[in-house]
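Student: I would like to go through a model and ask how its descriptions follow from their definitions.
Tutor: Here it is.
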Amino acid sequence: MHAATPRPHSRIRRAALCALAATLAASACGGSDGVVDSTGSGGPGNTGTPPSAPWTWELPAGFAPPRVPTDNPMNAAKVELGRQLFFDTRLSGNGTLACASCHAPERAFAENRALGRGSTGQNHPRNTPTLINAAYQVTLDWANPAPRTLEQQMRTPLFGTNPIEMGVNDDNREQIIERLRTHAEYPGRFAAAFAGEAAPLHWDNIIKAIAAFERTLVSAGSRWDQARAGQITLEPAEQRGEQLFFGTQALCAQCHGGPNLGGAFVDSTQRVGEPAFHNIGLFNIGGSGAYPAPNRGLLEFTGRAEDMGRFRAPSLRNVELTAPYFHDGSVATLEGALDIHAAGGRDMGPGLYAGDGRRNPFKDPLIDRIRIDALDKADLIAFLKTLSDTGVARNPRFADPAVN
Ligand code: HEC
Ligand code: HEC
């Protein structure tokens, strides 16, 4: 039931995997989403564009390359272009916002606002998630089952109108291209990244370049990773927290599993598993089980009653850096987030959203089986803090090229 997250380091040969997928009619072999090429540097599915330079992954120990769509092979010029675009406010309709405005490197590519604020000042209804290792998520966003690639996901922040994020629309789409076309460096960079294309400066290639950059945001340099590699020893409280996290009493890893300590994970050597979404009892408006729209989770996309309040378990890597917590940023501290898990949900008391989330009829039954006392919570928090990867903010490959 909760085994949707594949084992961390399972290695299945791709040929065997495709044969298996064929019999199961599953799409692990470049099906509808056009994925995958394990090296990422071209291959039979390549569009014919020769890469500017061969791509070499710089990955932490134990990480295989992420999946790469066959029509967007990696190359060094493309990644560098994507990095520049990711940090560039020219890419928003009114020129005020960049992807990095909400996904900030010093916050593990998340931010400390409860809700993201778009280019026109409108609040996003949801909290900004980290982009570290996002290339390995089976689905993207808090509860949307549809986007399976970073390219697919990006249409929402760029072109979405409810809420407005980057605010690119029919009125300013060409104007933004013009901003890039008249820039000293961009035309040459697009030509290098998409060699062989006569007119490479267009939106599809903007998306491809940024996605290629996002795929390089792989990092696993936390103290926990160092301890697993035998380089350091964690403090006793941190070790107790780790055992609790992966054990049967706290059950955390049942939902926050795999190398990302998050929802379903897949790399280029693995078969794509089913994504999982859970209601952890944050709301129960009027006792009906309802969460407030437009944050009703998976139900917003499937329309199915039982999907009320179901969200992807977020990656807990760097969680100390990405407060506040939950899909709506409604909880300020790790203590608060754990208290809710330990209590089996959140009683909203009186007010707009009155209702006892602990009794939410759509709640994942696992939540009520979590057994942790005050000491366990302290140990778990000590462990969660070992997941902070200070290398992310220091990595020059992830930094704003303007200041780099
Ligand atoms: C206004 C703030 C804001 C801006 C600007 C923004 N994002 Fe996001 N991003 C968010 C929020 C909020 C979510 C969660 C959306 C949801 O679940 O509905 C998100 C989700 C994502 C995800 C999914 C991550 C995961 O683990 O599922 C990716 C990838 C992403 N954004 C990339 C980008 C890119 C690329 C850009 C620039 C083109 C961008 N974002 C601009 C706020 C922002
Ligand atoms: C039944 C699945 C499940 C179990 C078990 C579970 N969680 Fe969660 N957790 C979730 C989901 C889903 C969310 C996001 C909920 C939302 O925003 O609506 C979440 C959110 C969190 C957050 C907030 C992270 C953020 O970035 O917003 C923390 C911290 C957390 N969990 C820690 C834990 C710990 C520690 C345990 C073990 C005691 C645990 N979880 C057990 C499903 C689970």
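Student: What share of the contacts in the protein with a separation of 6 or more comes from residues 24 or more positions apart?
Tutor: The share is 71%; two residues are in contact if their C-beta atoms, placed from the backbone, lie within 7 Å. This is a predicted model, in which local features need pLDDT of at least 70 and side-chain atom pairs count only at pLDDT 80 or more, while totals for chains, interfaces and linings use all residues. Residues are numbered from 1 along each chain as its sequence is written, and chains are lettered from A and ligands numbered from 1 in the order in which they are written.
Student: Which residues of helix H9 are called buried?
Tutor: In H9 (residues 236-246) they are Glu 238, Gly 241, Glu 242, Leu 244 and Phe 245. Each therefore has 20 or more other C-beta atoms within 10 Å of its own.
Student: Why are the buried residues of H9 said to line one face of the helix?
Tutor: Seen down the axis of H9, they fall within an arc of 165 degrees, so they line one face. The arc is taken over the directions from the helix axis to the C-beta atoms. Their cover includes H10 and helix H13 (374-385).
Student: Which helix gives the most to the shell around ligand 2?
Tutor: H12 does, with four residues. Both H10 (252-255) and H12 (334-343) supply at least two; helices are DSSP runs of H or I, at least four residues, numbered from the N terminus.

Key
A residue is buried if 20 or more other C-beta atoms lie within 10 Å of its own, exposed if 12 or fewer, and partly exposed in between; C-beta atoms are placed from the backbone.
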